[in-house]
Every structure is written in C-alpha cells, then in structure tokens.
Amino acid sequence: MTLHAQLVVDRGSFRLDLDLTIAPGQVVALLGPNGAGKTTALRALAGLLPLTSGHIGLDDEVWDRPPASFVSPEHRPIGVVFQDYLLFNRLTALDNVAFGLRARGTPRAQARRRARDWLSTVGLDDHRDARPRALSGGQAQRVALARALATDPGLLLLDEPLAALDASTRVHIRAELGRHLGAYPGHTLLVTHDPLDAMVLADHLVIVEDGAVVQEGPPATVARRPRTDYVAQLVGLNLYRGVAEDTTVVLDAGSGGTLTIAEPATGPVHVAFPPAAVSLHPEHPGGSPRNSWAVTVAGIEQHAHTVRVRLDGTPPVLADVTPATVAELRLTPGMPLHATVKATEITTYPT
Amino acid sequence: MTTRARARRGRLPVVLALPALVGLAFLVVPLAGLLVRAPWSTLGEQLFSGEVGQALTLSLVCASLATLVCLALGVPLAWLLARGDLPGRGVLRALVTVPLVLPPVVGGVALLLVLGRRGIVGQYLDQWFGISLPFTTAGVVLAEAFVAMPFLVISVEGALRGADVRYEEAAATLGASRWLTFRRVTLPSIAPGVVAGTVLCWARALGEFGATITFAGNFPGRTTTMPLAVYLALETDPGAAIVLSIVLLLLSVTVLVSLRDRWIATPT
C-alpha cells in the first residue's frame, strides 16, 4: 500500500509538476516558499482540484488519472487538517469529530462513541461539548486532527497545521502532533513553509520551488547538504556552487572567489558551511592555510544569542558572531574586514 | 474637535434641510392619516366581520403557501446561481430578477398566457389532468410566488456567496455528499439570510395586487386577498378599506421590526 502520485496542475502561468511517493507510516513533508505550489499539491491529492495530467493512486486504486478517472473528495479515504482548521462552528467538538463517521454511514451512537475516544486520545475529554469558538488555538488544532483521523483515512493531509498557533503553544503541539503521526499507520503528507516543523515531524523532505521539486531526501541529509539557495537559507548555511580540483574550489561567477577544502574533490560541487564557522578579523590574519578574504559589512541582525553579519565580498558570506565580538570590532555597515573559514568546516558534495 | 463637529452639524444647509423635511412628511403623513381616520370604536367589530376576516384569512394562507413554494424552489435556485458551474450565470441571474422590476400586472398577463385555460402549458393541464389554475386560490398562490420569489432568491444567493466555501470543502474531505454538506454545513451558515429572505418574500406576497387580480381575478372567499379587498371596499365601504389598510400597515411594520438588524441598522 504505497501512495504514488505525479501531480501536474496548470493554473494560468503557474504549473505544478511533482512526483510524490509515500510509504505506509511515512511522513513526507512538502516544504517550500509561499506560492511554490504546496497547497495546490495538497488540494489535488484531496480531490478538491482535478489534475491537468499525471495520476494519483493508492496501491492499485486510481484516484485521479485525467481524462478517464476522477474520484471526488467524498469518496477518497482521506483526512485533512486545514490551515485554519475549518471546524464547523455550529457543532460541538464531539459532533465535529463524529461528522466524518456519520457522513460515511456509521450509526449515530457508534460514531459518537468513537469520537469520544478520539477526543480522549488528543486530551480533550473536558471539551466535548465546547463550540469551536470557545476553544483555544491549540485545542482547535487537536479537534481538527481528531476529526481528520476519526475516519481511519489511508492518507492524512496536513496543511500548515501549526501555522495558526502562537510560538509557545507551537512547541508543545508540535511534539504532540509528532506522537500522533508516529502512531498513525497510514500515509501522511505535511505541507509547511517552516523548516523546523518539517525537520521534526517528517521522515522525508520534498522541497518545492516554483511548482517543481528542487531537492528531496531525509531531513538530516537535506540539512547538511542543501542544493539551492532557498534550502541553504532554510537550514541556515552558506552555500556556493563551483568547480573543484584537488583541494581548491573555484566558485561560480555568481559569487566568485575560491575556497580551500580539506578533502580532495573534482568536478562541479556544492560547498557549504555554517555562518558560525566564519571568523572576522580587522586585518589580514596572514600565514595560515585557512580561507581568508576581504569583505565589507552589509548588514547586522540580532538573533537570539548571536549576531548575524551579512558581508559583501568575493564570495559574499553570512557570519554568526557573539555580541562581544561586535563590540570588540565595533562593527558598522560599510566597514572593511577579513573573513576566515577553516577548510575542515566546509562540506563539499557533488551537484 | 467636538465643538467644531457640533458647529458643523448646526449649519445644515437650507437647500438640503427643506426638501428633506418635505420628503419625510410625504412618507409619514399618509400613514398617520390612515391612523387618524380609522374607525377605532368599531375596529374590533369590523376586523372580525365576514368580509374583512375572510380576506385576512385568505391573505395569510395564500402568502404563507406562496412563501413555502418560494422556499422549496428558490433556495435550490439560489444555490445553483451561487455555486453551480453554469455557463451564462449572469444572464440567468438577470432573468430571475426580472419579476422585481416588472409591473406585476404584466406578470399576471404572462401567467395567464402560459397557465390560462388556453395557455401554452395550461391547455394540457386542463386536458390531461382537468386542472385549471386561473381564478382559483391556487392561482393566487402562484401569482404571489411569481412576484415574491426573486426577493428570496436574491437574499439567499447573497448569503451563499458570503459563506466560506472552504467549510464545504472540509465537509467533502470528511466524506459528506453535496446534499449532506448543503444540509449540515451550508444551510446552517446561511440561516440568517434565509430567514430574512423568507420574511421579505412573505411580506411581498401578502401585499401582491396586480398579478393576483389579473391572473386570479376577484372572487370573495376564493381569490379576494386583502389588497384586493382594500381596493374594492374603497368604493363601497371606506371604513372597511381603512381597517384593512391598518392591518396591512401593522403587518409591514412587524416585518420591518423583525428585520431591523439587517435592514435598518446603521451600516458600520
């Protein structure tokens, strides 16, 4: 029982074209910037948007294969948690959860019993009779999850399930969602623009930009070896493309410059290193095998306990330094500096 | 700031204030006149007298039946206009609203041409089923429904367009058919619009005159509704006409009060 999909949807000038495979019990995250086509993909899987071409199938069941077959949403074994949850305001939490069971023909008493069980599972025993408006964001999210899971769907679709929560609830609900997804035996697709949600909840990341897959793989691999600037930015790495010969990488014209790496390599490569690996010096440090080049300060931003410094140069680079360093160097925009990175801090991998 | 606002309010230009007052008087004085000239002493007596009581009962029954017809046909029609993927939806919507601006007499004539005993549809109703609609109570209901239905359709369609379609999508992903979704999700969310449309539709049906007298004629006890009775009584028994008018006025005010939140509330 594996979900296979080739999603092709044309919407005016925008074209979504991505392949998706989800194994039972697997959580795949679709990660990408706004407007990348994530929600379009989710709507196509749910049957709320027909495919232009391609196919969607769970095992040997065909859900959508234009122009011949199309199964409407109410006949697909799916559960969807929408971004704003879309709980029915006129029904109690219990009736919201029981709605799918009732719609699929479960007798009332049995549907209510199973809805009660689901509400206990998500820890909302005390809120059975509450209307959605009376629930907090986190509680509403849990009702939405219970409602989606109550019908034992084969495919669970989560559209930015944590986006509507405030930061403090989010950490808690994310962990809880992870637990429920771990217990869920079906296929899960999580759509999100938050890399943290994706990294924590998913087994497999699919990153989309402009309607196409730019990179996919296990979260750890994606985090270590980003392949596009967008992914590098998500996982917080400096990323360059270049051509390697032995331990020297000549970077592409876009960034310019050369870097020295520890392990010999050949051919077109990506090189990546964390901003924390960059040190800044007022003068050329001289006489070491490290990478060192002239830069000027383009911007300074405070992040929790570090300061991120944006530097222009060949190549341009991001550096994370301590507030103490900022004070010591008296960093100001336009100031000339030297950036250094140890060769051993740089990860190199073929493009 | 307050002082300036007050000062500005004090300087209402006469060119506007004078016609405004005349306009207000024009609308209110006739209604007041009705109350002044009412035969208050014999009001109760007249109200339950044969003719007035008969017209009142007939009016209430016919307007209510017409409203039921409008609900049964108009709500699905509104749904079709708001949600259906139809080509030429704009043209359809325009057609539906024609009875709003059409002189009701023309509506009555049109109904006669189609449903009359020699009418395009009416002749078959007569031949095959022995049903003849003109000049019957059923005819009154039809004439009223014809004129009043657009009020309901427009009100319900507006509510449907304002309702969030995503809730219907959520219901579909939970396995609900479109009919179940309509009953359990859409209809509850547009209930205020349906209620407003129903009240408006009922009020319009109750006041219907032109189409009714043309299509259903004037037969006391069968087709003489209140507006018809008012018109006829004016010649023979002005006192009864005033009583009937006051009843209609009261019903209209009741309708307005019941809709005050939607129609008279200051827009915010």
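In the predicted model, A:Pro315 sits in a loop of chain A, between strand 16 (306-313) and strand 17 (317-321). The peptide bond that joins A:Thr314 to A:Pro315 is cis, with omega of about -5°. A cis bond also links A:Pro66 and A:Pro67, where omega is about 0°. A:Pro67 again belongs to a loop, here the one between strand 5 (61-65) and strand 6 (69-70) of chain A.

Two residues of chain A stand out by their backbone angles. A:Leu86 is not a glycine, yet its phi is positive, at about 50°. The residue lies in the loop between strand 7 and helix 2 of chain A. A:Leu86 counts as buried because 24 C-beta neighbours fall inside 10 Å, and the threshold for burial is 20 or more. A:Glu160, likewise a residue other than glycine, has a positive phi near 45°. Its place is the loop between strand 8 and helix 5 (167-183) of chain A. For A:Glu160 the count inside 10 Å is 19 C-beta neighbours, so the residue is classed as partly exposed.

Strand 8 of chain A covers residues 155-159 and contains A:Leu155. A:Leu155 has 21 other C-beta atoms within 10 Å and is therefore buried. With residues up to four places away in sequence left out, the contacts of A:Leu155 are A:Leu3, A:Leu45, A:Leu58, A:Pro77, A:Ile78, A:Gly186 and A:His187. A:Gly138 is 17 residues from A:Leu155 along the chain, and the two C-alpha atoms are 23 Å apart.

The overall figures for chain A are as follows. The chain has 351 residues, of which 40% count as buried. Its secondary structure comprises nine helices and 19 strands. The C-alpha trace spans about 80 × 45 × 35 Å along its principal axes. Among contacts between residues at least 6 apart in sequence, 63% join residues at least 24 apart.

Chain A also meets chain B. The interface brings 15 residues of chain A into contact with 13 residues of chain B. On the chain A side, strand 7 (78-81) and helix 2 (93-103) each supply at least two residues. Helix 2 of chain A gives the most to this side, with three residues. By class, the side of chain A that touches chain B holds ten nonpolar residues, two polar residues and three charged residues. The loop that carries A:Leu86 runs between these elements, strand 7 and helix 2 of chain A.

In chain B, helix 4 covers residues 50-83, 34 residues in total. From the first C-alpha to the last, this helix reaches 48 Å. That span is close to the 50 Å expected at 1.5 Å a residue.

Conventions:
Residues numbered from 1 in each chain as written. Chains lettered and ligands numbered in written order. Predicted model: local features only at pLDDT ≥ 70, side-chain atom pairs only at ≥ 80, totals over all residues. Contact = placed C-beta atoms within 7 Å. Helix = DSSP H or I, 4+ residues; strand = E, 2+ residues; numbered from the N terminus. Nonpolar A, V, L, I, M, F, W, Y, C, P; charged D, E, K, R; others polar. Expected span 1.5 Å × (residues − 1). Buried ≥ 20, exposed ≤ 12 C-beta atoms within 10 Å, placed from the backbone.
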